Amino acid sequence: MPAAYEQYLVPVVFQPFAEDLAARAAALRPRRILELAAGTGVLTSCLLGALPSAEVTATDLNEAMVAFGSTQAPGAVWRQADAERLPFPADSFDLVACQFGVMFFPDRVAAFTEVGRVLTAGGRFLFSTWGPLEAHGFEVALQAGLERAFPVDPPEFFRRIPHGYAHPAVVGADLTAAGFDVEVEQELTLPGRAASTADLATGYLTGTPVRAAVEAHRDAPAVRATVIDEMTARLGAGPVTASMTAYVFRATAAPTGPPPCGWTCDAQRGPAPASP
């Protein structure tokens, strides 16, 4: 699965957004970066290129992804890690980055709280989520193909998970609940370009969790042919281009506790009593 994901989907679907997110990270000039849900390392590689002097630690829950990603972006330190229970001390990083991974966290507030714990004072959390399924041209066509190939109970993975956290107000509320202040919330639409519809379908059907449903079908080759036919009818045979919409968030941990004593404390106490 990681190899198919890397070959067919990363250059088309993920690379454009990784380049954008890495440029945003570089503008913050972090020294120690933690990446969550790093996958096969597309954002990792972009971070290493944009911030050559920074220390990058890339993590993923899936050990197969960690093993594969470490070969793609060997300049980072790779660790298997659960975002809800990060194996790092407090105040370890000045930037935590995540590209299209937060949707997979079972308890997002818990994961975001962990991010706040490992961030230094003033550190930032920079991440992206997909917009609605209908705003992703490739995956609209893919889902239509899956619904045609599976007339009863079609796979809903893309609608439920990758595009299931497509409400900025919900994301913002989760960040606030975890103790963050949202600094940036931006809708971003970029084009994806694939050599052929057949390559794109191969990536989705063999490089994502949909693979299990396809392999369990009594006629997997027929499923693939139907999906390719539907995607071709909607997108063309290739080269194919489609727009893809995401949301980018940047947040900083909200201050906790009373302010440091100084003029603010004096102001809170009120004026000093008059001298006798």
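Q: How do the axes of helix α5 and helix α8 cross, and at what angle?
A: This is a predicted model. In it, the axes of α5 (residues 137-149) and α8 (residues 197-206) come within 11 Å and cross at roughly 70 degrees.

Q: So are they roughly parallel or roughly perpendicular?
A: Roughly perpendicular, because angles of 65 to 115 degrees count as that.

Q: What about the handedness of the crossing?
A: α5 passes α8 in a right-handed crossing.

Q: Which residues make the contact?
A: From α5, F138, E139, L142 and L146. From α8, L200, Y204 and L205.

Q: Switching to α3. Which residues are buried there?
A: M65, V66 and G69 are buried in helix α3, which spans residues 63-72.

Q: Why are they on the same side of α3?
A: They cover an arc of only 100 degrees around the axis, so they sit on the same side.

Q: What covers them?
A: The cover includes α1, β2 (55-60) and β3 (77-80).

Q: And which exposed residues are on the face turned away?
A: E63 and T71 are the exposed residues carried there, on the face of α3 turned away from its buried side.

Q: Next, P11. Where does it lie?
A: P11 lies in helix α1, residues 2-28. P11 is partly exposed, with a relative accessible area of 46%.

Q: What does P11 touch?
A: Leaving out residues up to four places away in sequence, P11 touches E6 and P16.

Q: How far apart are P11 and D199?
A: Their C-alpha atoms are separated by 12 Å, with the two residues 188 residues apart along the chain.

Methods:
Residues numbered from 1 in each chain as written. Predicted model: local features only at pLDDT ≥ 70, side-chain atom pairs only at ≥ 80, totals over all residues. Heavy atoms only, no water. Helix = DSSP H or I, 4+ residues; strand = E, 2+ residues; numbered from the N terminus. Buried < 20%, exposed > 50% of the residue type's maximum accessible area, 1.4 Å probe, protein only. Contact = heavy atoms within 4.5 Å. Axes fitted to C-alpha atoms, helices over the stretch in contact; angles between N-to-C directions. Parallel < 35°, antiparallel > 145°, perpendicular 65-115°, else oblique. Left-handed = near helix turned anticlockwise from the far one by under 90°. Arc of directions from axis to C-beta.
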